[in-house]
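Hi there,

Here's the structure I promised you.

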Amino acid sequence: MINHETKYWYLKNHKLFSNLNPQEVKEICLISNFKTAQKGEAIFFNHDDVQRVYTVKRGTIKIIENDADGNEVIKDILQSGDLFGQFTLSDNQTNEYAVAVSDRVTCCSFTVADFEYILAHNPSLALHYTKLIGFRLKRLENRYANLMFKDVRTRFRLFLADWASKEGQAQEGKILLTNYLTHQDIASLICATRQTVTQLFSECKQQGVLDYTRNTIEIIKPLA
(Lines give C-alpha, C1' and ligand atoms only; values in the text may rest on other atoms or scores of the structure.)
Protein backbone atom coordinates (compact mmCIF):
# COMPACT_ATOMS: atom_id res chain seq x y z
CA MET A 1 0.00 0.00 0.00
CA ILE A 2 1.49 3.33 -1.09
CA ASN A 3 1.04 6.13 1.43
CA HIS A 4 -0.12 9.66 0.67
CA GLU A 5 3.35 11.20 0.97
CA THR A 6 4.81 8.77 -1.58
CA LYS A 7 1.94 9.55 -3.95
CA TYR A 8 2.55 13.26 -3.53
CA TRP A 9 6.26 13.16 -4.31
CA TYR A 10 5.81 10.85 -7.28
CA LEU A 11 3.19 13.12 -8.84
CA LYS A 12 5.10 16.28 -7.96
CA ASN A 13 8.22 14.94 -9.70
CA HIS A 14 6.36 13.57 -12.74
CA LYS A 15 7.01 15.56 -15.92
CA LEU A 16 3.27 15.99 -16.46
CA PHE A 17 2.43 17.41 -13.02
CA SER A 18 5.70 19.12 -12.09
CA ASN A 19 4.38 22.66 -12.75
CA LEU A 20 1.37 22.33 -10.45
CA ASN A 21 1.40 23.98 -7.03
CA PRO A 22 1.44 21.81 -3.85
CA GLN A 23 -2.29 22.15 -3.25
CA GLU A 24 -3.14 21.07 -6.80
CA VAL A 25 -0.87 18.03 -6.48
CA LYS A 26 -2.51 17.10 -3.15
CA GLU A 27 -5.93 17.24 -4.79
CA ILE A 28 -4.76 14.96 -7.59
CA CYS A 29 -3.38 12.52 -5.01
CA LEU A 30 -6.93 11.97 -3.74
CA ILE A 31 -8.16 10.60 -7.07
CA SER A 32 -5.04 8.63 -8.02
CA ASN A 33 -4.69 4.89 -7.65
CA PHE A 34 -1.41 2.98 -7.41
CA LYS A 35 -0.83 -0.64 -8.33
CA THR A 36 2.26 -2.82 -7.97
CA ALA A 37 2.86 -5.83 -10.21
CA GLN A 38 5.49 -8.55 -10.36
CA LYS A 39 7.26 -9.71 -13.52
CA GLY A 40 4.80 -11.39 -15.90
CA GLU A 41 1.71 -9.95 -14.21
CA ALA A 42 -0.94 -8.11 -16.24
CA ILE A 43 -1.51 -4.53 -15.12
CA PHE A 44 -4.64 -3.57 -17.03
CA PHE A 45 -7.06 -4.78 -19.63
CA ASN A 46 -8.45 -2.20 -22.01
CA HIS A 47 -11.89 -3.77 -21.89
CA ASP A 48 -12.25 -3.31 -18.12
CA ASP A 49 -15.52 -1.72 -17.01
CA VAL A 50 -13.74 1.43 -15.81
CA GLN A 51 -11.40 2.94 -18.39
CA ARG A 52 -8.19 4.40 -16.96
CA VAL A 53 -5.19 6.50 -17.88
CA TYR A 54 -1.96 5.03 -16.49
CA THR A 55 1.58 6.24 -16.00
CA VAL A 56 4.57 4.08 -15.08
CA LYS A 57 6.07 5.06 -11.72
CA ARG A 58 8.74 2.38 -11.58
CA GLY A 59 9.90 -0.45 -13.81
CA THR A 60 9.30 -1.51 -17.40
CA ILE A 61 6.16 -2.83 -19.09
CA LYS A 62 5.22 -4.09 -22.51
CA ILE A 63 1.95 -3.22 -24.26
CA ILE A 64 0.44 -6.26 -25.95
CA GLU A 65 -2.45 -6.66 -28.37
CA ASN A 66 -4.04 -9.88 -29.59
CA ASP A 67 -4.28 -10.16 -33.37
CA ALA A 68 -7.18 -11.70 -35.30
CA ASP A 69 -5.73 -15.19 -34.73
CA GLY A 70 -5.34 -14.66 -30.99
CA ASN A 71 -1.56 -14.28 -31.12
CA GLU A 72 0.13 -11.81 -28.79
CA VAL A 73 1.81 -8.88 -30.56
CA ILE A 74 4.00 -6.43 -28.64
CA LYS A 75 3.18 -2.85 -29.60
CA ASP A 76 5.47 -0.88 -27.31
CA ILE A 77 7.89 -0.96 -24.39
CA LEU A 78 7.28 1.71 -21.73
CA GLN A 79 9.20 2.93 -18.71
CA SER A 80 9.03 5.42 -15.86
CA GLY A 81 6.95 8.48 -16.72
CA ASP A 82 5.36 6.99 -19.85
CA LEU A 83 1.58 7.07 -20.33
CA PHE A 84 -0.57 4.13 -21.37
CA GLY A 85 -4.09 2.79 -21.12
CA GLN A 86 -6.86 5.06 -22.41
CA PHE A 87 -4.43 7.96 -22.78
CA THR A 88 -6.20 9.34 -25.87
CA LEU A 89 -9.35 9.68 -23.70
CA SER A 90 -11.41 7.96 -26.40
CA ASP A 91 -14.09 5.30 -26.01
CA ASN A 92 -12.45 2.92 -28.49
CA GLN A 93 -12.13 -0.63 -27.23
CA THR A 94 -9.09 -2.71 -28.18
CA ASN A 95 -7.50 -5.98 -27.11
CA GLU A 96 -4.52 -4.19 -25.56
CA TYR A 97 -3.13 -4.98 -22.14
CA ALA A 98 0.06 -4.28 -20.22
CA VAL A 99 2.43 -6.82 -18.68
CA ALA A 100 5.30 -6.18 -16.26
CA VAL A 101 8.65 -7.22 -17.74
CA SER A 102 10.92 -5.99 -14.93
CA ASP A 103 10.95 -7.66 -11.53
CA ARG A 104 8.75 -5.03 -9.90
CA VAL A 105 6.51 -2.44 -11.54
CA THR A 106 4.46 0.32 -9.94
CA CYS A 107 1.88 2.30 -11.90
CA CYS A 108 -0.34 5.27 -11.09
CA SER A 109 -3.77 5.52 -12.67
CA PHE A 110 -6.83 7.76 -12.91
CA THR A 111 -10.27 7.01 -14.27
CA VAL A 112 -10.81 8.72 -17.61
CA ALA A 113 -13.63 10.80 -16.08
CA ASP A 114 -11.38 12.03 -13.25
CA PHE A 115 -8.51 12.73 -15.64
CA GLU A 116 -10.75 14.74 -17.97
CA TYR A 117 -11.87 16.78 -14.94
CA ILE A 118 -8.23 17.49 -14.02
CA LEU A 119 -7.45 18.66 -17.55
CA ALA A 120 -10.59 20.81 -17.78
CA HIS A 121 -9.64 22.70 -14.62
CA ASN A 122 -5.92 23.07 -15.45
CA PRO A 123 -5.47 24.52 -18.96
CA SER A 124 -1.67 24.58 -18.70
CA LEU A 125 -1.69 20.92 -17.65
CA ALA A 126 -3.97 20.10 -20.59
CA LEU A 127 -1.50 21.77 -22.97
CA HIS A 128 1.43 19.88 -21.46
CA TYR A 129 -0.52 16.63 -21.71
CA THR A 130 -1.24 17.29 -25.39
CA LYS A 131 2.48 17.78 -26.03
CA LEU A 132 3.36 14.50 -24.28
CA ILE A 133 0.79 12.62 -26.34
CA GLY A 134 2.19 14.27 -29.46
CA PHE A 135 5.70 13.04 -28.59
CA ARG A 136 4.34 9.53 -27.98
CA LEU A 137 2.49 9.45 -31.30
CA LYS A 138 5.54 10.84 -33.13
CA ARG A 139 7.67 8.04 -31.70
CA LEU A 140 5.15 5.47 -32.92
CA GLU A 141 5.03 7.18 -36.31
CA ASN A 142 8.82 6.91 -36.62
CA ARG A 143 8.66 3.25 -35.70
CA TYR A 144 6.05 2.54 -38.36
CA ALA A 145 8.11 4.47 -40.91
CA ASN A 146 11.06 2.19 -40.13
CA LEU A 147 8.85 -0.85 -40.66
CA MET A 148 7.73 0.48 -44.03
CA PHE A 149 11.01 1.74 -45.47
CA LYS A 150 13.89 -0.13 -43.81
CA ASP A 151 14.99 -3.73 -44.18
CA VAL A 152 14.83 -6.12 -41.24
CA ARG A 153 18.58 -6.01 -40.56
CA THR A 154 18.47 -2.21 -40.26
CA ARG A 155 15.36 -2.34 -38.10
CA PHE A 156 17.06 -4.80 -35.77
CA ARG A 157 20.12 -2.61 -35.34
CA LEU A 158 18.09 0.58 -34.92
CA PHE A 159 15.98 -1.11 -32.26
CA LEU A 160 19.03 -2.22 -30.28
CA ALA A 161 20.66 1.21 -30.68
CA ASP A 162 17.54 2.95 -29.38
CA TRP A 163 17.27 0.50 -26.48
CA ALA A 164 20.93 1.06 -25.61
CA SER A 165 20.52 4.85 -25.69
CA LYS A 166 17.68 4.63 -23.16
CA GLU A 167 18.87 1.92 -20.80
CA GLY A 168 22.44 0.98 -21.63
CA GLN A 169 25.21 1.35 -19.08
CA ALA A 170 28.72 2.24 -20.25
CA GLN A 171 31.26 -0.32 -19.10
CA GLU A 172 34.89 -0.35 -20.26
CA GLY A 173 34.09 1.09 -23.67
CA LYS A 174 31.07 -1.16 -24.18
CA ILE A 175 27.34 -0.73 -23.56
CA LEU A 176 25.66 -3.26 -21.26
CA LEU A 177 21.93 -3.93 -21.42
CA THR A 178 19.84 -5.99 -19.04
CA ASN A 179 17.90 -8.26 -21.36
CA TYR A 180 14.25 -8.68 -20.34
CA LEU A 181 12.93 -9.34 -23.86
CA THR A 182 12.73 -12.68 -25.62
CA HIS A 183 13.65 -13.08 -29.26
CA GLN A 184 9.93 -13.35 -29.98
CA ASP A 185 9.33 -10.03 -28.17
CA ILE A 186 11.93 -8.28 -30.32
CA ALA A 187 10.54 -9.96 -33.43
CA SER A 188 7.10 -8.50 -32.67
CA LEU A 189 8.53 -5.02 -32.19
CA ILE A 190 10.49 -4.99 -35.47
CA CYS A 191 7.97 -7.01 -37.50
CA ALA A 192 10.16 -10.05 -38.05
CA THR A 193 10.13 -13.75 -37.17
CA ARG A 194 11.77 -15.17 -34.07
CA GLN A 195 14.09 -17.21 -36.28
CA THR A 196 15.23 -14.05 -38.08
CA VAL A 197 15.99 -12.27 -34.81
CA THR A 198 17.99 -15.26 -33.59
CA GLN A 199 19.91 -15.27 -36.88
CA LEU A 200 20.63 -11.52 -36.62
CA PHE A 201 21.93 -11.87 -33.06
CA SER A 202 24.26 -14.66 -34.22
CA GLU A 203 25.37 -12.59 -37.21
CA CYS A 204 26.19 -9.56 -35.04
CA LYS A 205 28.05 -11.76 -32.57
CA GLN A 206 30.16 -13.29 -35.34
CA GLN A 207 30.97 -9.79 -36.62
CA GLY A 208 32.10 -8.71 -33.15
CA VAL A 209 29.34 -6.11 -32.91
CA LEU A 210 27.78 -7.56 -29.76
CA ASP A 211 27.77 -10.46 -27.36
CA TYR A 212 24.78 -11.76 -25.47
CA THR A 213 23.46 -14.21 -22.93
CA ARG A 214 19.95 -14.95 -21.80
CA ASN A 215 20.09 -12.05 -19.32
CA THR A 216 22.43 -9.48 -20.89
CA ILE A 217 23.34 -7.89 -24.21
CA GLU A 218 26.81 -6.36 -24.53
CA ILE A 219 27.17 -3.91 -27.40
CA ILE A 220 30.80 -3.79 -28.49
CA LYS A 221 30.65 -1.65 -31.66
CA PRO A 222 28.21 1.07 -32.83
CA LEU A 223 25.00 -0.37 -34.22
CA ALA A 224 23.81 2.61 -36.25
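On the face of helix 7 turned away from its buried side sit Gln195 and Gln206, both exposed (over 50% relative accessible area; buried is under 20%, partly exposed in between, with a 1.4 Å probe and protein chains only).

Some background: this is a predicted model, where local features need pLDDT of at least 70 and side-chain atom pairs count only at pLDDT 80 or more, while totals for chains, interfaces and linings use all residues. Residues are numbered from 1 along each chain as its sequence is written, and side-chain values use heavy atoms, leaving out hydrogens and water.

Now the hidden side. Val197, Leu200, Phe201, Glu203 and Cys204 are the buried residues of helix 7. They cover an arc of only 165 degrees around the axis (taken from the directions from the helix axis to the C-beta atoms), which puts them on the same side of helix 7. These buried residues pack against helix 5 (152-167), helix 6 (183-190), strand 11 (210-212) and strand 12 (216-219), with contact meaning heavy atoms within 4.5 Å. Helices (H or I, at least four residues) and strands (E, at least two) are DSSP runs, numbered from the N terminus.

How do helix 6 and helix 7 pack, at what angle? The angle is about 105 degrees, and their axes are 8 Å apart. They are therefore roughly perpendicular to each other (65 to 115 degrees).

Cheers

Key
Axes are lines fitted to C-alpha atoms, for helices over the stretch in contact, and angles run from 0 to 180 degrees between N-to-C directions. Angles under 35 degrees count as roughly parallel, over 145 as roughly antiparallel, 65 to 115 as roughly perpendicular and the rest as oblique.
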